[in-house]
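Morning, everyone. Please look at the chain on the screen, and I will walk you through it.

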Amino acid sequence: MRAQSSAIDRIRIAVNTPRTPAQGPTADRRSGTLLAALGVTAFSLTFPATAWGLEGFGPWSLVAVRSVLAAVIAGSCLLVLRVPVPARRHWAGLAVVAAGVVLGFPLLTTLALQTSTTAHAAVVVGLLPLTTALLSALRTGARPSRTFWGAALAGAAAVIAFTVQQSGGALSSADAYLFGALLICAAGYTEGGRLARTMPGWQVIGWALVLCLPLSVPGALVALSYEPVHLSAHSVAGLLWVAAGSQFLGLVVWYRGMAAIGIPKASQLQLAQPLLTLVWSVLLLGEQLTPAAPLTAAAVLICIALTQRARG
C-alpha cells in the first residue's frame, strides 16, 4: 500500500507541474508543437463524430451528454490526483473557457451540422487560427512578427477558399451558428492558453468541465426527455469520441502545447484541421473531395512552417 501511495504521489506531482512558456529550450518547443498537433488531430475528428452522434441523439442531448461524460472523466482525474481547487483569480478565466469550448462551440456547431455538411462547417475552423491569434494579441500582449501575420493571413485565405469551393460557394442558414462558434471558441482558446502558463493544461479544461456540471446535468436530463434517442454503433462511437477525445483529451494536449510554444504559433497549427476534417469526412461519411485538396494542403503546410519559424 505504501509503494502504491508513493507512485500515486509521484504521478500527482508530475501532472500538477505546469509547462514553461514558449521561451524554453528547443526540446520543449518541439514537444509543445507535437502536443498541439495531437490536439488538432483530435479536433479534426469532431465534426464527423458529431455527424455520427446526430444519427442517434438530438443536438441538445448530444451536447449536454458529451459535456457530462467529459466532466465525469475530468472530475475523476482531479479527485484521484487530489488537485486543489484553483485560486479565486483563475475562476473568471475558467468561466470563459467553459462558455467557449465546453458549451458554446459544441452547441453552435452541432446546431449548424443539422443543416450543413462537414465540408461547409470547416469554414469556421479555417478562420479560427487567425481569430485566436488576434484575440491573443489583444488579451496577452503577444506581438508576432509581420512574417507571422502574413503567413497566417495567407493560410486562412487558402483554407477559406478551399472550403467555400468545396461547399459549392453558397452560404447556408447555418453560417450564423458557425461564425458565432468561431468567436466564442477563439476566446476560450485564448483564455485557456493564458491560464495554462500558470496551471497544468489538463486542469484548465478539467475545472472548466466541472464548472459546467450545474448546467450540463439538468440540461442533459431535460434534453433526453424531449429528444428521442436511437442508439447505434455510429451514434455511440460519435458520442464517446466528442466527449472523451474532443472535449477532454484533445484539449488537455492542446492547452499544454499552447503553454509551451505560445498561443499564436499553436493556433496556426489549426490551419491543417479543416483539411484533416475533410479527409475524415471522406473516410467516415463518404463525402467527396475535389482535386484542389492536395494543392491546398501543400499551401497550408508552407504557411504553417512559416508561422512556426517566425520570431515573436
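**A salt bridge and its surroundings**

Let me start with one arginine. Arg-194 has a relative accessibility of 26%, so it counts as partly exposed. Its partner is Glu-191, and the two form a salt bridge. The closest N and O atoms are 2.5 Å apart. Glu-191 is buried, because its relative accessible area is 7%, and the cut-off for buried is under 20%. How many salt bridges does the structure hold? The count is 1.

Both partners, Glu-191 and Arg-194, sit in helix H8. They are 3 residues apart, about one turn of the helix. Here is the general point. An α-helix has 3.6 residues a turn, so residues three or four places apart point the same way.

Before we go on, a word of care. This is a predicted model. The average pLDDT of the chain is 81, and 84% of the residues score at least 70. Over residues 19-24, though, the pLDDT is below 50. That stretch still has 16 contacts in the model beyond near neighbours in sequence. Where pLDDT is low, the predicted coordinates should not be read in detail.

Now the whole chain. What is it built from, helices or strands? There are 14 helices and 0 strands. Buried residues make up 50% of the 312 residues. Next, take contacts between residues at least 6 apart in sequence: 92% of them join residues at least 24 apart.

One example of sequence distance against space is Leu-34 and Gly-257. They lie 223 residues apart along the chain. Their C-alpha atoms are separated by 7.3 Å. Leu-34 belongs to helix H2, residues 26-44. Is Leu-34 buried or exposed? Its relative accessibility is 53%, so Leu-34 counts as exposed; the cut-off there is over 50%.

Back to H8, which covers residues 175-195. It packs against helix H11, residues 233-261. Two packed helices are described by the angle between their axes and the distance between the axes. For H8 and H11, the angle is about 65 degrees and the axes are 8 Å apart. The crossing of H8 and H11 is right-handed. Which residues meet there? From H8 come Gly-188, Tyr-189, Gly-192 and Gly-193. From H11 come Leu-251, Trp-254, Tyr-255 and Met-258. The residues of this contact divide into 5 nonpolar, 3 polar and no charged.

Among the buried ones are Trp-202, Gln-203 and Trp-207.

Then look at Ser-216, in helix H10, residues 213-226. The relative accessible area of Ser-216 is 3%, so this serine is buried. What does Ser-216 touch, leaving out residues up to four places away in sequence? Its contacts are Ala-64, Ser-67 and Val-68.

Last stop, a loop. Arg-82 lies between helix H4, residues 59-80, and helix H5, residues 91-112. Its phi is near 50 degrees. That is a positive value in a residue other than glycine.

Thanks, and I am happy to take questions.

Conventions: Residues are numbered from 1 along each chain as its sequence is written. This is a predicted model: local features need pLDDT of at least 70, side-chain atom pairs count only at pLDDT 80 or more; totals for chains, interfaces and linings use all residues. Side-chain values use heavy atoms; hydrogens and water are left out. Helices (H or I, at least four residues) and strands (E, at least two) are DSSP runs, numbered from the N terminus. Buried means under 20% relative accessible area, exposed over 50%, partly exposed in between (1.4 Å probe, protein chains only). Contact means heavy atoms within 4.5 Å. Axes are lines fitted to C-alpha atoms, for helices over the stretch in contact, and angles run from 0 to 180 degrees between N-to-C directions. A crossing is left-handed if the near helix is turned anticlockwise from the far one by less than a right angle, and right-handed if clockwise. Ala, Val, Leu, Ile, Met, Phe, Trp, Tyr, Cys and Pro count as nonpolar, Asp, Glu, Lys and Arg as charged, and the others, Gly among them, as polar. pLDDT is the predictor's confidence in each residue, from 0 to 100. A salt bridge is a side-chain nitrogen of Lys or Arg within 4 Å of a carboxyl oxygen of Asp or Glu.
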